[in-house]
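Let's take a walk through a protein model together.

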Amino acid sequence: MSTANPIDTKAKLTLPGGQTVELPVLVGSENEHAVDVRALRDQTSYITYDDGYANTGSCSSDITFIDGEKGILRHRGYRIEDLAEESIFLETSYLVIYGELPTSRQLSKFRGRIASSASVHEGMRHFFEGFPHTSHPMAILSAMLNSLGCYYPEMTSHKRSLDIGHFDWAAAMLISKVRTLAAMSYRTKLGLPFVYPRWDLRYAANFLHMMFSEPYRDYNPKPEVTEALDLILLLHADHEQNCSTSTVRMVASSGANLFASVSAGVSALWGPLHGGANAAVIEMLEEISASGDDGRKAVESAKKGERRLMGFGHRVYKNYDPRARILGVAAKRVLTSLGIQDPLLDIARHLEEVALSDDYFISRKLYPNVDFYSGIILRAIGIPVDMFPVMFAIGRMPGWIANWREIATNPKMKIHRPRQIYTGATERDYVSIEKRGE
Ligand code: CMC
């Protein structure tokens, strides 16, 4: 991994009392500038304060570049639009993890590892018997991914050199098994028997087979369905230092193994402000539809601060999320090819139109994000709403793995340990329980 370089000019910071410090300025390969504050506390006893980390670069990384103002997303230099058009999920996963598009030999080796890792240990199947049918699949997924480490102790040592030696297999295993475990969590909920993976099916088709095939009937999706699913996964492959990826890096920085780190990523992803937003979008559109609103009332209540328009806004994009643009077109294509007329798509389009012509949304630069249209496609494919964040997790796996690798292979890696500004009580004397009253 390359590091950001310092430029000749330094930034000057003058503190109350007049003390001035000179801080190095770093520049990345896309000309992004940062003030390097690493020596600040040692030199001045001050720390920086940035609640929500909106202005904090927590690392330098070679994987993904986003220019939120221009709506640009590139993995390892390749435009997301080109990858969406030309590539497939597994090829993009390889690119994200290893830094280069694979040759045909490399891709077929990667595919072979993924295919041969698709089953999970029979012992793990018994875990599923203990989960109540009301379990959320994200809870199961997070627990199961961490449990995988129990079966591969050679990949979970506390010696980084050992972990890295097994990295290629561990990465392929996670990309493969996350899909199997996801399908198993769905079938657990419905009380259905598990379906074993097949050798002859491609990644997305194999997932749909494990979800929807029955002992008496194979599920044979139309090519448009598997292509759309593959596209959704590809578009989620990585997204820079978002909440779940930062979580993976945070956990990895303590020396934790890959399974434990990505399991934490699933938990971080679950929330409705992050990977849970795709499910929240559908719930919102259903609610709008049931109330007979055409989107206007929802926009008005968002403006009053009574609700958020789910699938709108982004910490980094202050322009249209390029993934949302691609998925908006794909949603129309998939629904047409399946002959589905989903009223939620009409409501979504209308909501977008209303919001994008409203000053509240324009002035705050709130545009549809990746979650706005992905749910409509997943719904058309027959994926239940509580599985939507799971689909996000399957797609994001290569990004988490690539980010874990950057941490694990960096000999200068420091444990992530932010500071705080303490605002609680100052020192006081202990009062015994007798003297505290009722
Ligand atoms: N609907 C209505 N108002 C909004 C929305 C929204 N979806 N998002 C932000 N705002 C307003 C917010 O109220 C605030 O207004 P004001 O300045 O008057 O207080 C302003 O815009 C800035 O919002 P913020 O909360 O400071 O922005 P943030 O960068 O902290 O939050 C976000 C980013 C994605 C959490 C937020 O836009 C949001 O909650 N969106 C809805 C949930 C969603 O779709 N999440 C998926 C994100 S994309 C997938 C991923 O990478 O996770």
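This is a predicted model: local features need pLDDT of at least 70, side-chain atom pairs count only at pLDDT 80 or more; totals for chains, interfaces and linings use all residues.

Residues are numbered from 1 along each chain as its sequence is written, and side-chain values use heavy atoms, leaving out hydrogens and water.

Start with helix α4 (residues 104-116) and helix α8 (residues 167-190), which pack at an angle of about 55° with their axes 8 Å apart. Helices here are DSSP runs (H or I, at least four residues) and strands are runs of E (at least two), numbered from the N terminus. The axes are lines fitted to C-alpha atoms over the stretch in contact, and angles run from 0 to 180 degrees between N-to-C directions.

Which residues meet? From α4 come F110, R113, I114 and S116, and from α8 come D168, W169, A172, I175, S176 and R179; contact means heavy atoms within 4.5 Å.

Now find the ligand. A polar side-chain atom of R308 lies 2.8 Å from one of the ligand's oxygen atoms. On the nitrogen side, a backbone N or O atom of F312 lies 2.9 Å from a ligand nitrogen atom, and an N or O atom in the side chain of Y360 is 3.1 Å from a nitrogen atom of the ligand. Polar contacts are pairs of N or O atoms within 3.5 Å.

Finally, visit the loop between β7 (72-75) and β8 (78-79), where you will find R76. R76 is not a glycine, yet has a positive phi of about 50°. K365, in the loop between α17 (359-363) and α18 (371-381), is also not a glycine and has a positive phi of about 55°.

Technical notes. A polar contact is a pair of N or O atoms within 3.5 Å; within protein, one must be able to donate a hydrogen and the other to accept it, and residues adjacent in sequence count only if both atoms are side-chain atoms.
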